[in-house]
Amino acid sequence: MSDFRTLVEVASALDAGTISSVELTRDVLSAIADAKSLNAFITVVDERALAQARVADDRRAKGLAAAVTGIPIAYKDIFCTRGVRTTCGSRMLANFVPPYDATVVERFDAAGAVMVGKTNMDEFAMGSSNETSYFGPVHNPHDPNRVPGGSSGGSAAAVAAGLVFAAMGTDTGGSIRQPAAFTGVSGLKPTYGRISRYGMVAFASSLDQGGPIARSVRDLEVLFGVAAGFDPRDSTSAELAVDPARHKPIDALRIGLPKEYFAALGDRRVAASLDTARRWFEEAGATVIDVSLPNTDVAIPTYYVVASAEASTNLSRYDGVRYGHRCEAPQDLEDLYLRSRSQGFGREVKRRILTGTYTLSIGYFDAYYLKAQRVRRLIRDEFVRTFADVDVLLTPTTPGVAFPIGAVSDPIEMYQQDVFTVGASLAGLPAMSIPCGWVDGLPVGMQLIGPHFGESLLFTAGDAFQRATDWHTRRPGRKP
Amino acid sequence: MTWDVVIGLEVHVQLATRSKIFSGASASFGAEPNSQACAIDLAMPGMLPVLNADAVRMAATFGLAIDAELPAESVFDRKNYFYPDLPKGYQISQFERPIVGRGHLDLKLPGGGVRRIGITRAHLEEDAGKSLHEDFAGMTGIDLNRAGMPLLEVVSEPELRSAAEAAAYFRQIHVLVRYLGICDGNLNEGSMRCDANVSVRKSPSDPLGVRTEIKNLNSFRFLERAIEHEVARQIELIEAGGTVVRETLLYDPDRDETRPMRSKELSEDYRYFPEPDLLPVVLDTAQLDALRQGLPELPNAKRARFERDLALSAYDAEWLTSDPDVARYYEAVAATAGDPKLAANWVMGEWSAAMNRDAARTSPLAAEQLGRLIVRIKDGTISGKIAKTLFDALWKDPNKTVDDLIEAEDLTQVSDTAALAALVADVIRDNPEQVGQYRAGKTKVLGFFVGQLMKATQGKANPQALNELLKDALAEVRDR
Amino acid sequence: MTILEKDIDKLCALARLGLDADERSAARTDLERMIAMADAIAAVDTSGVVPLAHPLDATARLRADEVTEAVDRDAFQALAPLTHDGLYLVPRVIE
């Protein structure tokens with residue numbers, strides 16, 4: 001039976017003793033089993049979860065419970081989990097059982113959270129629909145014929161379907177925000193460097209950032225508090241401590257609407273939802289102004305050049321020598337490489353590897369990779385300048401609502417899904433998607449982008465909105 | 001005709017850190033295969049590099065020692081290529097912005113004189129593992145213990161003019177890094193390796209000829225032989241009407257020949273780009289000032305000081321400063337002995353012979369003991385002959401002290417004139433034939449008397465006192 | 001930008017990818033279109049702009065030189081397709 005309480009609500013129930021973590025975990029495991037058709041999970045760890053739940057109940061009995069103690073959560077199958085298979089949605093790692101935990105997993109373990117399983121995802125996080133997974137597509141709980149978005153599609157679908165109270169995802173160009181928008185849940189991509197990348201399988205190192213997906217902004221805030229923090233094992237981890245305080249009330253917020261984002265938004269009904277949200281912020285006393293981010297139109301090509309370049313070399317380690325897929329009876333070393341990699345990687349991954357190899361190779365490096373890094377600076381700087389005038393940017397998360405599985409077969413068209421999310425990724429900014437409307441029985445998301453390390457501004461704006469609206473409480477199968 | 005030979009060297013200096021350059025795995029030598037390759041060295045999914053502070057300190061120290069420009073910021077790059085002993089499929093190195101910029105080395109030329117050799121740059125990088133081609137059922141075995149070992153690659157300008165000069169340069173770098181304490185200098189364990197770029201041309205005014213690169217030379221002798229061989233090969237080739245092809249060669253010391261490396265046939269496109277998992281390395285002025293303060297006295301300065309202040313010959317000064325451990329030992333001996341020249345004789349003589357005989361890495365005999373032994377020679381307590389016996393005794397039993405042994409073995413020199421005079425009288429009385437010879441002018445016979453007397457005193461007679469007494473006594477006999 | 005067969009050959013060789021005939025022809029078209037999309041950045045005036053490799057202007061924090069990693073070789077090699085006496089095995093390499 002699906003459970004649509006928020007993480008904060010469930011934590012109160014655990015505190016009050018009306019339910020134990022073991023009972024909660026049993027319910028969650030049975031809900032996951034019932035919802036197998038969604039294909040949200042690659043691996044479910046029943047016994048391990050119940051053992052963790054028992055430990056969590058003991059801990060709570062001793063009065064040592066933290067905010068997430070005993071709460072069943074899931075991890076995108078990109079986070080390495082000691083002793084539990086970590087596939088990254090790829091045949092290459094279909095049997096890979098890491099002997100170590102990701103820092104994110106260690107932090108949640110230390111806080112007493114219960115891991116119920118590993119969620120489905122686009123292969124190596126490359127995709128915007130969860131259709132590139134070696135383990136098959138994930139279905140959107142709001143309409144099983146539609147995609148849940150990607151690449152953290154399994155994580156978003158599991159939260160939206162009431163299978164777990166939260167899931168940790170990763171976001172390189174929109175992989176938390178877009179599926180959150182498509183499934184009607186809340187998702188946060190923190191500032192680059194906030195959450196350790198140690199033990200998180202790399203896609204594009206200068207863009208990858210882990211983050212939570214949950215049913216409310218308050219939940220995101222709690223999860224962010226657990227996951228974020230300095231990690232000496234990640235050289236790009238920020239040494240700045242997380243300040244749990246929210247410093248500005250909603251009526252002191254200055255909210256910017258980047259005109260280029262709205263100009264690029266073709267779907268009028270999505271635009272109408274965003275407009276309603278804008279009006280709500282104005283009525284709540286926030287100052288709403290129009291701003292301009294002129295390089296928005298080159299964000300997608302810039303992103304795909306940078307991300308593919310980094311990915312092409314990050315994926316070189318999968319060579320069939322030390323772990324991962326190895327072809328049968330290799331003739332020689334070249335054959336071992338060629339066949340292991342060709343069999344182990346899917347089409348989209350190969351496409352990105354080839355693109356990245358091209359843009360880094362002699363003769364093209366300056367025109368593509370280096371040029372993209374220059375444009376990246378322009379994009380970042382124009383965000384930073386804009387944040388001198390505003391606290392938060394309000395934009396659509398996606399150009400439209402969730403599309404049918406198989407509807408977007410052209411890769412270049414698929415990349416356009418990321419038009420509103422890649423800017424914040426390139427600039428390393430925190431960005432959040434929360435539900436703000438409903439079109440054709442499907443959720444619409446809005447994106448809030450903050451300045452570097454300004455997650456608390458996003459929590460202020462998002463939580464105020466959710467206290468006054470009920471978009472985030474709508475469940476699949478209960479259309480308004 | 002004579003040919004102009006142009007050689008540039010790339011010397012790989014393995015830095016003497018405890019742990020690897022990007023991981024906390026042990027950097028000690030000689031462990032079981034793959035027992036020092038941690039998850040980071042194995043390029044497991046999600047693993048990240050974190051730079052070793054001591055590797056940076058050592059590189060900067062080297063830069064200061066060669067008067068190099070040290071840029072405020074240096075950057076790590078990925079050098080991409082597939083090889084089974086390169087786990088990530090890229091080597092983390094420095095390409096565009098190395099940690100050490102342009103510097104120089106004042107090379108003591110083999111034929112005398114000094115020439116300043118430009119050092120283009122020195123950069124930090126990680127070593128690869130080892131491929132073992134012994135037959136494992138027709139396969140190659142990979143040991144990754146060496147993967148991630150810290151290397152400083154020192155690149156010279158093509159300013160070396162002969163194989164002998166190249167070997168002298170390699171030697172001088174070897175001495176320098178040992179003085180700086182940044183490398184153990186152990187060539188047998190591969191702690192220093194060298195690649196040589198070699199070309200020839202008919203005249204120094206001609207443009208540079210096509211060069212070949214000889215890889216992985218790990219001894220001074222091999223380096224010299226390989227270059228000699230390659231120079232001869234190139235000249236022979238050109239004189240026969242052929243042209244030199246740019247290629248990478250391996251030197252086979254058993255056959256004394258170079259052969260092309262099969263694995264390097266494919267001209268690689270390394271696709272260098274900034275390593276996104278690492279941030280720019282900053283060397284600030286305060287840090288550099290502190291390192292400069294802490295620099296040890298360098299070989300050239302020490303040699304000059306030994307000649308100037310200790311009045312040693314150029315030969316002795318050169319000999320004693322060619323190894324920092326020897327120089328340190330010598331200085332301690334000389335300080336205790338209070339006689340630099342005598343100390344030099346002992347260190348270069350008995351001590352060095354004993355070290356070589358036992359192939360000792362560290363001296364079993366403390367420098368202070370050797371110094372005290374010399375003091376006892378100088379103050380007349382023991383004879384030089386006895387000192388040699390004592391040296392051997394001390395070498396075998398380092399727990400004894402010089403004075404203990406002198407006392408225990410009753411080795412104190414007999415300087416008591418009355419006692420010696422009695423012995424002298426006895427010897428003269430017992431050997432009338434020799435006395436007759438002496439009186440006939442054969443003064444060489446004096447040695448016979450000394451020998452007899454030393455025998456009688458078991459070598460303990462003070463030779464000076466003995467000589468005087470003997471001469472006086474013989475004169476008396478003659479006068480009679 | 002036209003991508004030729006030989007370009008695909010070179011890229012596949014560099015990236016150690018073996019593509020079948022279908023994949024090859026798709027790869028050519030896809031890559032041409034990817035590059036056409038990427039060409040949009042050529043029009044941006046970036047004169048005097050320093051390339052940005054990391055979104056935050058941070059610099060390296062260094063690790064103290066200490067041995068901190070324990071190596072459980074058996075655990076690591078349990079993941080490997082083929083090992084022998086502690087070595088990873090690959091088809092014979094000729095240097």
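Predicted model: local features only at pLDDT ≥ 70, side-chain atom pairs only at ≥ 80, totals over all residues.

Residues are numbered from 1 along each chain as its sequence is written, chains are lettered from A and ligands numbered from 1 in the order in which they are written, and side-chain values use heavy atoms, with hydrogens and water left out.

Start with chain B. Its domain assignment gives domain 1 (4-286), domain 2 (297-408) and domain 3 (417-479); such bounds come from an automatic or database assignment. The centres of domain 1 and domain 2 of chain B, taken over C-alpha atoms, lie 37 Å apart. Where they touch, domain 1 of chain B gives 10 residues and domain 2 of chain B gives 14, contact meaning heavy atoms within 4.5 Å.

How much area do domain 1 and domain 2 of chain B bury between them? About 930 Å², with 53% of it on carbon and sulfur atoms. Buried area here is the accessible area (1.4 Å probe) that two parts lose on being put together, summed over both. On the domain 1 side, B:K108, B:R178 and B:Y179 supply 64% of the area buried against domain 2 of chain B, more than any other three residues.

Three salt bridges are counted between these two domains of chain B. A salt bridge is a side-chain nitrogen of Lys or Arg within 4 Å of a carboxyl oxygen of Asp or Glu. B:K108 forms one with B:E318, at 3.9 Å from N to O.

Over all chains, the count comes to 69 salt bridges. In chain B, B:D127 and B:R193 are joined at 3.1 Å, N to O. Are these two residues buried or exposed? Both B:D127 and B:R193 are buried, where buried means under 20% relative accessible area, exposed over 50%, and partly exposed in between (1.4 Å probe, protein chains only).

In chain A, A:D381 pairs with A:R380, the closest N and O atoms being 3.1 Å apart. A:D381 is partly exposed, at 25% relative accessible area, whereas A:R380 is buried, at 7%.

Back in chain B, B:D54 and B:R57 form a salt bridge at 3.3 Å, N to O. B:R57 is partly exposed, with a relative accessible area of 33%.
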